[in-house]
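Biologist: I have the sequence and the model open side by side. Can we walk through the pockets and the ligand together?
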Amino acid sequence: MTTSSRKSKKIINDIFDMIVDAYTLERKNMVLNQLKKRNIDDLKVLKAFSQVPRHLFVPLSQIDYAYYDRPLDIGCEQTISQPYMVALMTQELDLEPGMKVLEVGTGSGYQSAILHFLGARVYTIERFEKLADSAKEVFKKIGYDITVKVGDGTLGSPKEAPFERIIVTAAAAKIPQTLLSQLAVGGILVMPVGSRLSQELIIAKKISSEKIDQRRSCACIFVPLVGKGL
Ligand code: SAM
């Protein structure tokens, strides 16, 4: 690399850092008012939300609303979830660094980025190539090593299974059996389960290869999970 191209690369990186910094206050407000005031009390999770640049994961037309307390359109008739819902699902996963995690429904890539920030080895599957490509681009830009696949996430990822954690960010009437079979014993799966317009966030723990314990966390509304494994 020549001295002048090294200089221009540095200028571009400095500009990028400034852009990220311009949203620091918005991230802080989001953490204090939307997460901490509700029931998000895991300090590692709060730190992740204060650092991961959510505004890079939304379309340019939505950037002013990136830190608002609501979901946003990301194209392909899909959404990036409300920050609180991403935080709650992350907290319910009870992650440890190094855990192998499968996410079904990459969408914008923001949830995956939060999991990566917390030290997880993240595999994420998205059915729309356009969304997967855009998430990949952001991961590359911010240097996050996350494996993104295009395909039907209801079938999981047999090659990489078992997973210590699985998070499904789209809703269905039941948890796909394939995903439960790809969950390690002792592992946790988090997913919205219910009808098209009203679901409950379900936390499933695999006690043994035959026994799954389930509990309800809260009411929620997600876009539908669409796939052959339902
Ligand atoms: N986690 C995302 C984020 O951080 O932006 C939000 C996900 S959005 C609420 C749900 C996503 O699940 C959509 O992008 C949708 O295309 C995807 N989806 C639905 N069914 C799927 C399937 N069978 N396999 C993979 N992705 C699926």
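Biologist: Which residues lie nearest the centre of the second largest pocket, and how many residues line that pocket?

Modeller: First, a word on the source: this is a predicted model, in which local features need pLDDT of at least 70 and side-chain atom pairs count only at pLDDT 80 or more, while totals for chains, interfaces and linings use all residues. Residues are numbered from 1 along each chain as its sequence is written, and side-chain values use heavy atoms, with hydrogens and water left out. The second largest pocket is lined by 19 residues, and Leu56, Val58, Pro59, Ser134 and Val138 lie nearest its centre.

Biologist: Which elements give two or more residues to that lining?

Modeller: Those are β1 (72-75) and α6 (129-142), and α6 gives the most, with seven residues. Helices (H or I, at least four residues) and strands (E, at least two) are DSSP runs, numbered from the N terminus.

Biologist: How do you define a pocket, and what is the volume of this one?

Modeller: On a 1 Å grid over the protein atoms alone, a pocket is an open set of points with protein on both sides within 12 Å along at least five of seven lines, a cavity is a set where a 1.4 Å probe fits but cannot get out, and lining residues have an atom within 4 Å of a point. The second largest pocket has a volume of about 470 Å³, where points are joined across faces, edges and corners and the volume is the space filled by probe spheres set on them.

Biologist: What space does the ligand take?

Modeller: The ligand takes the largest pocket, which holds about 550 Å³ of space; a molecule counts as sitting in a pocket if more than half of its atoms lie within 2 Å of the grid points. The lining of this largest pocket has 35 residues, with Thr79, Ser81, Thr169, Phe222 and Val223 nearest the centre.

Biologist: And which residues come nearest the ligand itself?

Modeller: Glu103, Ser108, Glu126, Gly153 and Val226 come nearest, out of 28 residues around the ligand, where near means a heavy atom within 4 Å. To this shell β2 gives the most, with three residues, and β2, β3, α5 and β4 each supply at least two.

Biologist: Which polar side-chain atom lies 2.6 Å from an oxygen atom of the ligand?

Modeller: That atom belongs to Ser108. On the backbone side, a polar atom of Gly105 is 3.0 Å from a nitrogen atom of the ligand, and a polar backbone atom of Arg127 is 3.3 Å from a ligand nitrogen; a polar contact here is a pair of N or O atoms within 3.5 Å. The protein buries 99% of the 600 Å² that the ligand exposes when taken alone, with accessible areas from the Shrake-Rupley method and a 1.4 Å probe.

Biologist: Changing topic, how many cavities of 30 Å³ or more turn up?

Modeller: A search of the whole structure finds one. About 40 Å³ of space lies in the largest cavity, and its lining includes Asp42, Lys44, Thr90 and Leu118.

Biologist: Last one: where is the cis peptide bond?

Modeller: The cis bond joins Ala161 and Pro162, with omega about 0°, and Pro162 lies in the loop between β5 (147-150) and β6 (163-168). Separately, Cys76, in the loop between β1 and β2, has a positive phi near 55° although this residue is not glycine.

Notes:
Polar contact = N/O pair within 3.5 Å; in protein donor to acceptor, adjacent residues only side chain to side chain.
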